[in-house]
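This report goes through one protein chain, from single residues to the whole. Keep the sequence and the 3D view open while reading.

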Amino acid sequence: MIKRLLAAALTVCLFSCSKTTDCPSYPGDLLEWLPYGTDEKITFRSGQQEQTFIFSDVFSTKRFTTGRTEACNCDAFAHTNSSVDSVGNIQMLCSSEKKKVRFEFIYEFQHYGKHSSYYVPLNIDRFMFSIKNDGTVEGTNSIDAASRDSVMIDNKLFNNVIVVEIDTIVDTKAEIFRLYLVKGRGVAKYEYKSGKAFTLTDL
């Protein structure tokens, strides 16, 4: 009797321990909000001033198989390089991660300032929002985010746009406070609290 119980327990254990979970890749439709490749260079212009970003670290989860008790991670990110060689330079970090019923997105602009002979990180302007499984776009308590069918950006009409705006009354240190994202193009424009706006040059 004991041998039969042990044999049955071993069979159950072998079955459950060998069971795996198929985890999906990061959705291609959502990846269009992070449409960047490794070493891709993008430039934004405001009048005669330009700000350039080079994406040195780009990743998105591919379909994989994991153990039965492990969770399926599903994320994507695109980070620019960390080389800063002039006052006013900023770095861009974009990321997204799947939660239960939504994908959370974060777009960060890291500002730098010169200290002695080198540059040090200052404040970060962080834009956070979520896209729910039903396509609804949501912001946070201090960040407003809305999906718009069409938006005019520098006299050009674009469809499928998300506009994200930081509440500068709550976040008084924010420098960049409004962000325009165009599906398939990524960051299309960002606006400073001072009134200056930078637009993607090849938009």
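A residue counts as buried when its relative accessible area is under 20%, as exposed when it is over 50%, and as partly exposed in between, using a 1.4 Å probe and protein chains only. The model is predicted, so local features need pLDDT of at least 70 and side-chain atom pairs count only at pLDDT 80 or more, while totals for chains, interfaces and linings use all residues. Residues are numbered from 1 along each chain as its sequence is written, and side-chain values use heavy atoms, leaving out hydrogens and water.

| Residue | Relative accessible area | Class |
|---|---|---|
| Cys 94 | 0% | buried |
| Cys 74 | 6% | buried |
| Gly 67 | 23% | partly exposed |

Gly 67 belongs to strand 4, which covers residues 64–67. In sequence, Gly 67 is 46 residues from Thr 21, yet their C-alpha atoms are 6.1 Å apart in space.

The protein chain has two helices and 14 strands. Both are DSSP runs numbered from the N terminus: helices are H or I with at least four residues, strands are E with at least two. The chain has 203 residues, of which 35% count as buried.

Contact means heavy atoms within 4.5 Å. Among contacts in the chain with a separation of 6 or more, 45% join residues 24 or more positions apart.
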